[in-house]
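Here's a quick briefing to read alongside the model. Keep the viewer open as you go.

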Amino acid sequence: MGLFILKRVGIMLLTALCLTFLVFFLTNLYPNLEKLAKTQGNFRMSDEQVESYLEKNGYLQATPIKYGEWLGILPSYRHTNEDGTVQGRCILPGKTAEESPKFCGILQGYWGYSTVFKEEVSTVVGTRLGLTGRLMFWVMLLMVPSALILGILAGMREGSATDRTLSTFAITTTATPEYVSGVIFIAIFTSSAVGLKWFKGTATQAMENPTFENFFLPVLTIALYGMGYIARMTRASMTEVMTAQYIRTARLKGVSFPNIVMKHALRNALIAPFTVIMLQFPWLLNGVVIVETLFNYKGFGWALVQAAGNNDIQLLLAISVVSVFVVLVTQLISDIGYVYLNPRIRIS
Amino acid sequence: MEPLSWTGSIAFLNPILAIALGLMVLSIIVWMLASIVLPEDQMIVNADGTLTSSSSIRILIQTALRYSFLASVGVLVAYVVLGIAMGTSAGIIGAISQQFLPVWLSLIILYAMSIAFKRKLGLYGKLFDSPIGMIGFGLVMFWVFTGIFGALDLIVTHDPLTQVSGMKNKVPGTPLPNLEDGQYAWYLLGGDNLARDVFSRMVKGAWIVVQIAPLATMFAFMVGITLGLPAGYYGGRLDTLLSFLANLILAFPVILLFYLLVTPEIVATGVPNYMAAILFVFPIIFLGVLLNSRYYTRPNFRTPLLIGVLGVAIWLYLSLISTGGYIINTDSYRIWGLPTYLDLFDIPGGILVVFVSVVFVNSPTVFRIVRGLALDIKTRDYVAAAQTRGEGPWYIMLWEILPNARGPLIVDFCLRIGYTTILLGTLGFFGLGLPPESPDWGSTINEGRKLLSIYLHPALPPALALLSLVLGLNLLADGLREESLKD
């Protein structure tokens with residue numbers, strides 16, 4: 001088991017390295033750098049001005065060198081201005097070149113400076129992740145139990161009325177992407193045209209003061225899309241368990257139906273949904289980006305859109321590191337959990 | 001011109017529909033509760049050998065459900081039929097049903113033909129045994145026909161890009177202020193915030209989806225199959241490497257990837273063209289290997305066949321990737337492609353990058369599915385038999401394993417077209433790739449959502465259209481799965 005986890009962690013690191021290099025490469029293509037220079041300076045910059053801006057900030061070095069600097073394994077670039085002052089990535093405002101360290105990359109714990117938010121990347125990512133964490137917490141709290149209940153009720157008696165109705169509902173939710181269900185919810189529950197006005201159409205206030213009124217719709221929108229998938233998986237695994245031999249034995253012994261479901265079937269039926277729930281995290285990340293844009297909730301997904309739209313290289317890299325980390329860690333947890341929950345795999 | 005109301009002179013159907021729908025909902029709820037509360041069906045064998053079902057309440061509920069469902073469907077059909085007959089005097093619904101007339105006709109012909117010959121049509125024919133599959137297929141074909149006829153300018157009432165002054169954000173059914181000759185007199189589903197016709201934009205949007213989604217899914221399948229079969233069949237280092245690469249792409253959040261790939265800056269660097277040049281080779285390899293592995297024992301037949309098929313495929317490939325005589329045409333350097341007089345079609349950079357990134361995002365998942373299936377099937381006896389016969393590995397992969405994996409692959413193909421539709425919508429929603437005035441559903445939803453609290457009509461039609469298409473594809477996949485499991 002230890003070796004397995006070690007190997008997985010190794011692959012994780014390799015994946016993270018490859019992906020960040022890919023992001024680095026794409027964001028450092030010249031047209032992207034030009035856009036960055038123009039958003040930072042002004043949009044009427046001439047080609048020479050763009051060139052000198054990029055030169056001054058060290059963007060014109062070879063990509064592997066810049067990547068090494070970002071990682072913190074190469075000394076970072078410094079540029080001596082005409083008036084003799086030295087500027088560079090590691091030299092924060094108010095410090096001199098001598099006081100600053102030579103290496104400053106993520107290995108040293110420095111994530112860079114966001115050009116969009118004019119703040120250190122680590123603080124941006126920290127606060128935004130906190131906000132998204134709150135959103136995700138409520139999404140999980142709503143999505144997982146309701147999906148499991150839906151799936152179990154549907155899978156309990158395959159082909160019954162409950163099964164058909166709930167399965168249709170589950171298929172409908174998986175067919176409704178967040179930007180469709182969100183728009184429909186906003187139209188029905190918040191607009192003055194329909195007149196229900198039960199909820200708020202934006203979740204901007206929910207960042208400081210989340211209430212049921214301003215926070216429920218974004219949570220529901222994300223939860224609904226993921227719910228159908230988990231419910232269908234739970235249903236599939238439940239129907240499989242309900243046809244197993246030992247359930248038949250229990251029925252023939254005269255155990256009551258609720259007892260069979262609760263005591264005999266559930267435990268085995270919940271193994272598969274566990275891994276599915278874990279693997280849903282990367283999907284939820286997509287939903288988070290859409291919903292945060294739709295409801296103007298300034299969390300992690302919103303920051304991603306801002307960073308990508310303005311080619312904020314450092315922030316974008318940090319965001320991709322975080323999201324890749326989330327994806328890989330959930331994969332690892334789902335693998336370990338699967339082995340742990342299913343003794344048959346542990347032995348073989 | 002009078003503004004149109006929703007139902008016009010067929011408004012007498014509204015209370016009937018309300019009653020029918022209400023009864024249906026009620027009977028569904030009762031049906032569900034009854035299936036939990038009531039004991040299960042007990043068949044009693046009578047003395048004369050006949051069977052009696054004990055729970056007559058169940059049968060009663062099911063009958064109620066069936067009739068209320070049929071009544072609702074009947075009323076809905078009545079709306080459409082009366083609408084076709086009466087046109088605009090039956091309100092917006094009537095006018096829309098009349099505009100969709102070619103679609104209704106094609107659907108009726110398709111269904112009549114398919115049901116008549118369903119025993120001769122294999123899996124496709126079996127689809128018409130499952131109600132779910134039929135509903136799904138109907139929804140999908142509705143949008144496919146809408147897309148095709150919309151592209152032929154049969155359904156649309158106005159040009160999707162023209163702005164008519166005075167029609168900004170007008171509600172559905174508003175007549176045009178200064179009517180010119182030959183112009184349709186109303187905006188059936190209202191005007192958007194740039195005073196364009198919402199209805200026509202929705203119909204034109206269907207064409208974009210119908211064009212891109214199935215084709216992109218097919219390319220993703222070609223890539224996934226060409227790489228997944230050897231990975232599963234050979235295993236070992238090749239499998240490790242390819243799986244690592246697939247997981248690498250899968251670990252990327254899709255939206256981040258789109259934001260990195262689908263920008264005008266990236267298009268300017270020519271990265272999408274390189275990716276297109278690589279990704280679109282796979283169908284050629286696939287075709288070549290497929291035919292060669294089957295017919296290599298008959299060189300006299302194989303050589304002309306390969307020359308013909310690959311010639312056409314390579315020509316299409318070169319026309320696909322070269323634009324204006326160049327494969328890659330950036331400021332710094334260019335690569336020569338097919339000369340313009342041989343170039344069959346040009347794809348604008350914006351569409352190409354959307355296409356490429358959708359294929360790129362989808363193919364690792366297909367790869368994983370195919371690899372899993374190949375791993376499973378290669379242990380079967382018929383594969384061992386083929387190996388003993390001395391068949392080559394590619395013959396076994398493409399002519400033994402692949403046909404036996406077709407069931408799950410067809411089901412996944414339907415689901416994946418739906419997913420691709422969602423991805424295209426996501427791209428439009430974030431304003432990536434497609435031009436801003438493009439009528440595709442995602443962009444229209446994005447534009448409409450800004451004024452959603454006051455004007456609902458610009459955003460809702462494309463949203464519901466996308467929902468129904470994806471739902472149709474999911475139901476179709478479900479029906480296919482059910483039917484393919486039956487044999």
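Predicted model: local features only at pLDDT ≥ 70, side-chain atom pairs only at ≥ 80, totals over all residues.

A residue is called buried when its relative accessible area is under 20%, exposed when over 50%, and partly exposed in between (1.4 Å probe, protein chains only).

Residues are numbered from 1 along each chain as its sequence is written, chains are lettered from A and ligands numbered from 1 in the order in which they are written, and side-chain values use heavy atoms, with hydrogens and water left out.

**Where chain A meets chain B**

- On the chain A side, 55 residues are in contact with 47 residues of chain B, contact being heavy atoms within 4.5 Å.
- Together the two chains bury about 4,500 Å², with 77% of that on carbon and sulfur atoms; buried area is the accessible area (1.4 Å probe) that two parts lose on being put together, summed over both.
- There are 5 residue pairs in polar contact between chain A and chain B, both at pLDDT 80 or more. A polar contact is a pair of N or O atoms within 3.5 Å; within protein, one must be able to donate a hydrogen and the other to accept it, and residues adjacent in sequence count only if both atoms are side-chain atoms.
- Helices of chain A that each supply at least two residues of the side touching chain B include α1 (2-27), α2 (30-40) and α13 (313-341). Helices here are DSSP runs (H or I, at least four residues), as are strands (E, at least two), numbered from the N terminus.
- The largest share of that side, 9 residues, comes from α1(A).
- By type, the chain A side divides into 35 nonpolar, 15 polar and 5 charged residues. Ala, Val, Leu, Ile, Met, Phe, Trp, Tyr, Cys and Pro count as nonpolar, Asp, Glu, Lys and Arg as charged, and the others, Gly among them, as polar.

**Salt bridges**

- The structure holds 19 salt bridges over all chains, each a side-chain nitrogen of Lys or Arg within 4 Å of a carboxyl oxygen of Asp or Glu.
- Between chain A and chain B the count is 2.
- A:Lys35 pairs with B:Glu265, the closest N and O atoms being 3.4 Å apart. B:Glu265 is buried too, with a relative accessible area of 17%.
- B:Asp412 and B:Arg416 form a salt bridge at 3.1 Å between the closest N and O atoms. They sit 4 residues apart in helix α17 (residues 406-429) of chain B, so about one helical turn separates them, and both are buried.
- B:Asp478 bridges to B:Arg481, again with closest N and O atoms 3.1 Å apart. B:Asp478 is buried at 17% relative accessible area, while B:Arg481 is partly exposed at 32%.
- B:Asp192, B:Arg196, B:Arg201 and B:Glu447 are linked in a network of salt bridges.

- Most residues other than glycine have a negative phi.
- A:Asn311 has a positive phi, near 50°. A:Asn311 lies in the loop between α12 and α13 of chain A and is buried, with a relative accessible area of 3%.
- B:Asp153 has a positive phi of about 60° and is partly exposed at 49%.
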